[in-house]
Amino acid sequence: MSKRDFYEVLGVSKGASSDEVKKAYRKLARQYHPDVNKAPDAEEKFKEVKEAYDTLSDPQKKAHYDQFGHTNPNQGFGGGGADFGGFGDIFDMFFGGGGGRRNPNAPRQGADLQYTMTIDFKEAVFGMETDIEIPREETCETCDGSGAKPGTSPETCHHCGGSGQLNIEQNTPFGRIVNRRVCNHCEGTGKLVKDKCRTCGGSGKVKKRKKIHVKVPKGIDHGQQIRISGHGEPGTNGGPPGDLYVVFNVKPHEFFERDGDDIYCEMPVTFAQAALGDEIEVPTLDGKIKLKIPAGTQTGTNFRLRGKGVANVRGMGQGDQHVQVIVVTPKNLTEKQKDLLREFAEISGDQVQDEQNENFFAKVKRAFKG
């Protein structure tokens, strides 16, 4: 007669706490104790409850039971050895194994690659298409990725039996411990290649330069990146390839500066234009436009040209262009120009001291007077 499940015997779930296990045992022990219950099967039920509690209340025995069930229930407890291999499953659960040992031959996605592309300012603004070459691993065409010489095939590793893992037994004061390690003969693949492919040296992959067509979206900014799906390193055991990430390095422009989707520039105007007003030509990303400068404009005044900035890379509108006016002070004036400016200053009530007639010590004196 096969034994009943210990959790079923105590009436608890597999995730029950030690207190819940103890509480269930005490209740059933009182119910089936031979001194209390005179039923013919009470003694057998009491022994069954006792055995279930002895196993599930001991963490070491419980771990062994959870892994192997009733198979060799006495192995590792008392005079035998303890197989701790099941703890590898627990570590896998927390560190990426998904609750079980990772199959070394399971399909795995290839690694992602990154490529830095340098482009001009206007190429980033308006977008472009180009081809790039990247070095990456490709599946060896000679052996079709098996790593074995044509006409042969990989063999099952006789060291690990194809599992990709080795059981290392150690005797400790707590009994015999069995630890699982990646097989160092097949490096966890479970297969051995005796006759290696001459093209790839048995790796199943070769380095090549791959040409890839890249569409640069308009509005891309310095430091941003795009993902090109499926153009990374090839996968393993039939897994999908990784992705390629293209990061953009945008060269600065000689006239425009960019901040997000807005662009900035400075436009020089003469004193006369600023004082009297004028209409000037301003370069934009789309060509030249007319900008009206009101009379009396001061240096540093900003004008906004709406919608003349950069198109948002995600399609969310377009930025503006900001124009800052810089009033340029004329140099190398002729005598006639100087006379006209002196006349202007007199009419305006300004006191102008001709620099060439000014004594150096007089300038120092005025400086101290503040």
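Guide: In helix α2, the residues Val21, Ala24, Tyr25, Leu28, Ala29 and Tyr32 are buried, where buried means under 20% relative accessible area, exposed over 50% and partly exposed in between, with a 1.4 Å probe and protein chains only. They cover an arc of only 130 degrees around the axis, which puts them on the same side of α2; the arc is that of the directions from the helix axis to the C-beta atoms. This is a predicted model, in which local features need pLDDT of at least 70, side-chain atom pairs count only at pLDDT 80 or more, and totals for chains, interfaces and linings use all residues. Residues are numbered from 1 along each chain as its sequence is written, and side-chain values use heavy atoms, with hydrogens and water left out.

Visitor: What do the buried residues of α2 pack against?

Guide: They pack against α1 (6-10) and α3 (42-56), contact meaning heavy atoms within 4.5 Å. Helices (H or I, at least four residues) and strands (E, at least two) are DSSP runs, numbered from the N terminus.

Visitor: And which residues are exposed on the other side of α2?

Guide: Those are Asp19, Lys23, Lys27 and Arg30.

Visitor: Switching topic, how do β12 and β13 pair?

Guide: Strand β12 (residues 278-284) and strand β13 (residues 287-293) are antiparallel, with seven bridges; two strands pair if DSSP finds at least two bridges between them. A hairpin of two residues joins β12 to β13, and Thr284 is opposite Gly287 in β13.

Visitor: Where does Thr329 lie?

Guide: Thr329 is in the loop between β15 (321-328) and α8 (335-348), and it counts as exposed because its relative accessibility is 64%.
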